[in-house]
Amino acid sequence: MKKSVLYSALLSCAVLSACGGGSGGSGSGSSSGGTGTPSQTAPGGIYLGYYAEDPKTNPEDPTLGAFVLNLPSSNTSFSGAMFFTYVGCQSENVGIVSGNKTDAGIAGNWSGSLDGVVNTGSYTGSWQAASQSYSGTFTNAGGKQFRDLRPCIQYYIAPNGSFEMFAAEKLIPDTFQISITGRTLSWSNVNGSSVALVYVMNPQIVQTSGNPVVWQTIVPASGSVTIPQTVNLKAGSDYLVGVALTSDSLQRLAFGSKRFTAQ
């Protein structure tokens, strides 16, 4: 199964997430350097968003994935994670992120095993005051790669990508809404959107170490999705759900996150 036909396959997949690194497809406010505020230290806290594979360097199957950082309020080091799993038959693929914050800029490296093959890369970005977000680009040192894991999945790992992330519970635009009822997640419709990246993360883990993303999927932008029962959510614990809506070309049209307590 190739990523280009994932949408139909998703209906029968228990777990799906992004699996490459791309650049040049992400949101309306995303850029590699942007117009940050060099003379000021940008804000810290839990920032969650998405990465987007570059449709120019990976036209076969560009996709999205979760990107989460625990940023300091001062100029110092930080950590985070990128989630690279696609379907339940894959192993859990996580890129552990390290980096340093300097005023309005962030930069660092990521490293992880993608279906048994170690991949590494770097990223750089900056604070965008207009959109209240961090955005930038990242690369994969291994370049473009084709993985054939049939009968599970076939896919390309993109050589480069872009990212954008916002503070927890930020909604862009502010009219965008996310609703949670039990394990069912829904969101408001945004004109022109066709793809939705939806994921659930544990905010406690992102503040310590390890992979905070417990589940993610890609579905059509209109509608809702139910977190599978196979995903272990501890009753009484707090989680964050992130939702990114994009066009067919992976241009971000909306992003938001919302806290909820597992039942």
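The structure is a predicted model, in which local features need pLDDT of at least 70, side-chain atom pairs count only at pLDDT 80 or more, and totals for chains, interfaces and linings use all residues. Residues are numbered from 1 along each chain as its sequence is written, and side-chain values use heavy atoms, with hydrogens and water left out. The chain has two helices and 18 strands; these are DSSP runs numbered from the N terminus, helices being H or I with at least four residues and strands E with at least two.

**Whole chain**

- Of the 263 residues in the chain, 54% are buried (under 20% relative accessible area; exposed is over 50%, partly exposed in between; 1.4 Å probe, protein chains only).
- Among contacts with a separation of 6 or more, 66% are between residues 24 or more positions apart (contact: heavy atoms within 4.5 Å).
- The accessible surface is about 10300 Å², and carbon and sulfur atoms hold 50% of this area (Shrake-Rupley method, 1.4 Å probe; for residues, only the protein chains shown count as cover).

**Five-stranded sheet**

- Five strands form an open sheet with antiparallel pairing, in the order β11-β18-β17-β14-β15 (two strands pair if DSSP finds at least two bridges between them).
- β11 (171-172) and β15 (213-220) are the edge strands; each has a single partner strand, so one side of each has no neighbour in the sheet.
- Two bridges join β11 to β18 (residues 252-261) in the antiparallel sense.
- I172 has F255 in β18 as its bridge partner.

**Salt bridges**

- Side chains of opposite charge can pair when their charged atoms come close.
- The count is four salt bridges (a side-chain nitrogen of Lys or Arg within 4 Å of a carboxyl oxygen of Asp or Glu).
- One of them joins the side chains of R252 and E164, at 2.8 Å from N to O. R252 is in strand β18 and E164 in strand β10 (residues 160-167), so the pair ties together parts 88 residues apart in sequence. R252 is buried at 5% relative accessible area, and E164 is buried at 0%.
- E169 and R259 form another, with the closest N and O atoms 3.6 Å apart. This pair links E169, in the loop between β10 and β11, to R259 in strand β18, 90 residues apart. E169 is partly exposed at 42% relative accessibility, as is R259 at 38%.
- D148 and R150 also meet in a salt bridge through their side chains (2.7 Å, N to O). D148 is partly exposed at 35% relative accessibility, while R150 is exposed at 56%.
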